[in-house]
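Subject: Handover of a model and notes on it

Dear colleague,

Please find the structure below, together with the sequence. My notes on what was found in it follow directly after.

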Amino acid sequence: MGEQPIFTTRAHVFQIDPTTKKNWVPASKQAVTVSYFYDVTRNSYRIISVDGAKVIINSTITPNMTFTKTSQKFGQWADSRANTVFGLGFSSEQQLTKFAEKFQEVKEAAKIARDKSQDKIETSSNHSQASGCETPSSTQASSVNGTDDEKASHASPADIHLKSENNKLKIALTQSAANVKKWEIELQTLRESNARLTTALQESAASVEQWRRQCCICRDENDRLRNKIDKLEEQSSVINREKEKNFQLKRRIEELESELREKETELKDLRKQSEIIPQLMSECEYVSEKLEAAERDNQNLEDKVLSLRSDIEESKYRQRHLKVELKSFLEVLDGKIDDLHDFRRGLSKLGTDN
């Protein structure tokens, strides 16, 4: 009830592997709330983070703690009481810077609170020692001054009060001495834990450096593989072009083979035809002889046609002459017919007269 949050952020929580002290083990599957809490009654500061119902960070901040930035978005600190190293991964460098500044501020406040508590312890121990030194002198004085009174009556109320105060201071001194021994043992334990955690932190830093070198090596290897892939892609494109050329050449070869087969077929046909050439030559000679005979017959026919044409011309001339004679004959005949008509009319007239 006396604790209250003074700073809150979100980050991925990690813890150092307790076996190897090198590898980081994720304490949360996702980013969780990480808060600084101030305890008013104890005057102490804690870093607390809860993932669901599980407390993954419960670290009391002491002046001996140091928050280290290992990268732009990652920081870590060692907790000797929990005997582990906590790591936080932030989403931005600004959040990491704010958390580191708050850690330093809380660390200074814890140092001031420790100094105040140590001053109080020293003051109380000095007061108890001074009271212890004064008590024997007072008791001695009382015994010296009251040798006769002790026999007659009891001690005074002031002496009783001093005795009770003396007893209380003795008890407080005994408790403070026991607490000092306890704190010395705890301090020694904390120093040993701090030494172990410092060693683990150095080993983790060395492992981080190794991871960085491996990351650089992986990057170089990645670049080399990319260059190799680019070269292989270029070679693949060249191979594809060569395959395309080979495919075209195969098609051309197939076309030429088909043409060659066609030419061979034509050559076979020509060879078969060459075997028939002598027969064709004899037939050609026979046909040429027939052609010459036909030409002679044609010449004779042309001569006959010419004679027939001359006969036709002569017959046409005769026909024209006959037509002229027939026309003159017809004209004479028409005259005679007209005369006959006239004669007939004369006869018919004479018949009517008679």
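The protein has three helices and eight strands, where helices (H or I, at least four residues) and strands (E, at least two) are DSSP runs numbered from the N terminus. Along the sequence these elements follow the pattern β-β-β-β-β-β-β-β-α-α-α.

Before the details, a word on conventions. This is a predicted model, in which local features need pLDDT of at least 70 and side-chain atom pairs count only at pLDDT 80 or more, whereas totals for chains, interfaces and linings use all residues. Residues are numbered from 1 along each chain as its sequence is written, and side-chain values use heavy atoms, with hydrogens and water left out.

Of the 354 residues in the protein, 18% are buried; buried means under 20% relative accessible area, exposed means over 50%, and partly exposed lies in between (1.4 Å probe, protein chains only).

Patches are made of residues with over 30% relative accessible area and no salt bridge, with like charges joined within 9 Å and nonpolar side chains (Val, Leu, Ile, Met, Phe, Trp, Tyr) joined within 5 Å; a salt bridge is a side-chain nitrogen of Lys or Arg within 4 Å of a carboxyl oxygen of Asp or Glu. The negative patch consists of Glu 259, Glu 262, Glu 266 and Asp 269, and among them Glu 266 lies in helix α3 (residues 157-353) and counts as partly exposed because its relative accessibility is 44%. The nonpolar patch is formed by Leu 326, Phe 329, Leu 330, Leu 333 and Ile 337, which together have about 430 Å² of accessible area (Shrake-Rupley method, 1.4 Å probe); Phe 329 is placed in helix α3.

Lys 21, in the loop between β1 (3-16) and β2 (24-26), has a positive phi of about 60° although it is not a glycine, and Lys 21 is partly exposed, since its relative accessibility is 22%. Asn 43, in the loop between β3 (32-39) and β4 (44-51), likewise has a positive phi, near 55°, without being a glycine, and with a relative accessible area of 33% Asn 43 is partly exposed.

Finally, the cysteines. The structure holds zero disulfides, a disulfide being a pair of cysteine sulfur atoms within 2.5 Å. Cys 216 counts as partly exposed at 42% relative accessibility, and Cys 284 counts as partly exposed at 48%.

How values were computed: Lys and Arg count as positive and Asp and Glu as negative; His and the chain ends are not counted. The place of a charge is taken as NZ of Lys, CZ of Arg, CG of Asp or CD of Glu.
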